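Look at the structure first, then read on.

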Amino acid sequence: MYTQAMDLAGAPTLAPASTPEEAAFNARIAADRKVEPRDWMPEAYRKTLVRQISQHAHSEVVGMLPEGNWITRAPSLKRKAILMAKVQDEGGHGLYLYAAAETLGVSRDQMLEALHAGRAKYSSIFNYPTLTWADMGAIGWLVDGAAIMNQIPLCRCSYGPYARAMIRICKEESFHQRQGFDIMLALSRGTTAQKAMAQDALNRWWWPVVQMFGPPDKDSVHSGQSAAWGIKRISNDDLRQKFIDATVPQAELLGLTIPDPQLKWNAERGHYDIGPIDWDEFWRVVGGEGPCNRERLATRVEAHEAGAWVREAALAHARKQGARARKRAA
Ligand SMILES: [Fe+2]
Ligand SMILES: [Fe+2]
């Protein structure tokens, strides 16, 4: 259900080329062939990818924090092992994505500095708190579920290193979504208090997740050009609709109520209609005023500083190895 229809209908086309290199680049995009790091590419294409891939990497790494909060309090050894594996996967996703962005000529230090200084964005969803164990279920089910919707089309994005990183990431996200759903299922089949905990988590996460797909198409600044470049293949509103259509029956199976009194199947459109989205809240959180923005960034900076000795030790080790290899070769 998470892998249907990977193409944007009627994608806008590129402006005519003014140089032979640009013509070759346009032809590559038109033929749906991948652009690789050594190929000529327009500066704006490179910059867009650096912004998007680094924001994506930051989201993976900051996304470890809300769930990391519950590793020590998981309700069983099995749940703890699963959650640890999931959080480690997110760290791995960050690493593949930083490596993909580095092929575009930006260093990991530069990207991290932009994150830590508050200049680079990450997904706003991670600025919400995780109050109960049911939040681990809601995050996996809804946040990872929404991430899959966003990321499946990126497996076919025009930039080779990004597209290839996304294939493995999507496989892991699929496991994350299932483990979240499994937590929700256990809670909703549990005691009255457990079911209430699952409902409360759904109530708090639903709207921020619906907002995760980004502003409506009519207000989305980067979408048109990104679609022409073969980076973005499905619009924000279409992705949001696909997510809602897939998720409503899952909530029904859990016996939980989606907190939207206007949610209704529209037989004519063949989709669910939803109530109004609070975009003021979305922009407030993007602008740094969410419940946990400051805490997340402070934790991230602290972790980076506390890990300085590991980076120094790895560099010292690499220098030693290099010196030994040179000695042997001499
Ligand atoms: Fe991830
Ligand atoms: Fe994930």
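Around the iron ion (ligand 1), the 4 donor atoms subtend angles of 86 to 143°, which makes the arrangement irregular. This is a predicted model, in which local features need pLDDT of at least 70, side-chain atom pairs count only at pLDDT 80 or more, and totals for chains, interfaces and linings use all residues. Residues are numbered from 1 along each chain as its sequence is written, chains are lettered from A and ligands numbered from 1 in the order written, and side-chain values use heavy atoms, without hydrogens and water.

**Iron ion (ligand 1)**
- Glu 60 (OE), Glu 90 (OE), His 93 (ND1) and Glu 173 (OE) coordinate the iron ion (ligand 1) at 2.0 to 2.2 Å.
- The spacing of these donor residues in sequence is E-x29-E-x2-H-x79-E.
- Helix α4 (residues 77–102) holds both Glu 90 and His 93, 3 residues apart, about one turn of the helix.
- Glu 90 is buried, at 5% relative accessible area.
- His 93 is buried too, at 0%.
- Buried means under 20% relative accessible area (1.4 Å probe, protein chains only).

**Iron ion (ligand 2)**
- Its protein donors are Glu 90 (OE), Asp 144 (OD), Glu 173 (OE) and His 176 (ND1), lying 1.9 to 2.2 Å from the iron ion (ligand 2).
- Asp 144 and His 176 are both buried.

**The pair of ions**
- The iron ion (ligand 1) and the iron ion (ligand 2) are 3.4 Å apart.
- Glu 90 coordinates both.

Methods. Donors = N, O, S within 2.8 Å, 3.2 Å for Na, K, Ca; no water. Buried < 20%, exposed > 50% of the residue type's maximum accessible area, 1.4 Å probe, protein only. Tetrahedral: all angles 85-135°; square planar, octahedral: opposite > 155°, others 65-115°. Helix = DSSP H or I, 4+ residues; strand = E, 2+ residues; numbered from the N terminus.
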